Amino acid sequence: MILTLKLSGLAFEVNAASTSTPEDPEGVNSEAIRNVGILDVFHYGFSYMGILTGPYYRYRTYWDHLHRPFSKYVDPRPLTYYKLKQTACFVVLYLVMNELYPTRYVATDEFAERAFLYKYFYMYPTFLCFKLRMYIGMALAECACQMAGLGAYPVKCNPVIGLGPRDYKSIQTMSASPEKLKDEEYNFETVYNMNVWKLEKCHSTRTAMRSWNACIQYWMGVYVYKRFPYKNLRTLATFTLSAVWHGWQAGYYLCICQIPLFLMSEDIGMKFYNQSKENSLARRGWQLILWYEKTTCMAYLGVPFLLLGMQESIQYYKSIYCAGHIVAIVLYVIFRCLKPYILKTHIQ
C-alpha cells in the first residue's frame with residue numbers, strides 16, 4: 001500500500017519539477033529530483049523506513065536524509081523514548097479493551113439478542129480498540145524513522161507533515177554551512193503521522209481525518225483532492241480512491257464513502273460554533289454536539305471497516321436500526337432549520 005503511494009508520488013514530484021516556477025520557494029525542482037535513476041527508485045520504494053505501516057514521505061525527504069547533514073545534529077532519543085512510553089500504555093489498554101470488547105462479537109448470534117442500547121454503544125469501545133492498534137503501529141513506525149534521522153529538519157524552515165520544509169531555499173543555504181547547524185532547533189514534523197491527542201480532543205470530523213494517518217492524508221489532498229477537475233465531486237472522489245487504496249472489501253467503501261453524510265451537518269454546525277463568542281455557553285454547547293457527532297461518525301462507520309464483509313456490516317446496521325444514519329440526517333435537518341435564525345448574515 002505504501003509502495004503504491006511512494007511510486008505514484010515520485011511521478012508527481014518529477015512532473016512538478018519539470019513545470020516549476022523560477023522562484024520555487026518549496027524547492028520542487030531541487031537537486032534531489034534532477035537525477036533520479038532506477039536504483040534510486042528501488043531504494044526509495046523498498047527502504048525499511050515506513051515500508052509496512054508508513055508514514056508516507058516524499059522522495060525529496062528520503063534524499064535529504066541521505067545527502068543533507070541534519071540528522072547528525074539532532075538527538076531523536078528523547079522524543080522516541082516519550083513515544084515508546086506512550087505506546088506501552090496503549091498496548092496495555094488495547095489488550096484489556098480487546099479482551100472485553102472483541103470486534104468479531106458483533107457478528108455473533110449472542111450479540112444479535114442483546115438490547116438495542118448495548119448494541120448501539122458497543123461500537124464506541126470497539127472503535128477505541130481499533131484506534132489503539134493504529135496508535136501503536138503508527139508510533140512505532142515514527143520511532144523507526146526518527147531513530148534513522150529521516151524527516152529531521154530545522155524548525156526555521158517550517159517543515160510540515162508530508163511535504164517537508166515550506167522554505168526549502170533556507171535548507172539549501174544551511175546545508176552549505178554545516179558548522180552552524182548544531183545551534184539550530186530541529187523537529188520530525190515531516191513524518192508525524194498520527195496526532196493522538198488532537199484526534200481525541202477535536203470536535204470536527206475534518207480535523208480528525210487530517211490528524212488520522214496524516215502523511216497519507218497529505219498525499220490524498222495534494223495528489224487527488226486538489227487535482228480533481230470537478231470541484232463539487234472532489235471530496236467524494238478522494239474518499240472513493242482512499243477506499244480503493246485500502247482494498248476491495250465492501251467494508252472499506254461502506255466506511256469511507258459515507259463520511260460526507262456526516263460532513264453535511266458538521267459544516268453548518270461549525271459555522272454556528274465559529275460565530276459564537278469565545279468561552280460562551282453556546283460555543284461550548286456547539287463544541288460538545290460536534291464532538292459527539294465526530295466521535296459517532298468515526299465509531300459508527302468504523303464497524304464495517306473492521307468487519308469488512310458486506311453481509312456482516314449490513315447485519316450490524318440493521319440490528320441498531322441504522323441509528324447512526326438517522327443521527328446524521330436528523331442533525332442535518334435540525335441545523336438547516338436553525339440556520340436562518342442562528343447564523344448571522346455576514347457569515348453566510
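**View 1. Residues 1-16, a stretch that is 94% helix and 0% strand.** Helices here are DSSP runs of H or I with at least four residues, strands are E runs of at least two, and both are numbered from the N terminus. This is a predicted model, where local features need pLDDT of at least 70, side-chain atom pairs count only at pLDDT 80 or more, and totals for chains, interfaces and linings use all residues. Residues are numbered from 1 along each chain as its sequence is written, and side-chain values use heavy atoms, leaving out hydrogens and water. In an unreviewed entry, UniProt lists residues 1-16 as "signal peptide"; such annotations may be inferred rather than shown by experiment.

**View 2. Helix H1 (residues 2-18) packed with helix H3 (residues 38-45).** Their axes, lines fitted to C-alpha atoms over the stretch in contact, are 10 Å apart. The angle is about 145°, on a scale from 0 to 180 degrees between N-to-C directions.

**View 3. Who touches whom between H1 and H3.** H1 brings Leu 3, Lys 6, Leu 7 and Leu 10, while H3 answers with Val 41, Tyr 44 and Gly 45. Contact means heavy atoms within 4.5 Å.

View 4. The C-alpha atoms fill a box of roughly 65 × 50 × 40 Å along the principal axes. Of the 348 residues, 49% count as buried, meaning under 20% relative accessible area with a 1.4 Å probe, protein chains only.

Methods: Buried < 20%, exposed > 50% of the residue type's maximum accessible area, 1.4 Å probe, protein only.
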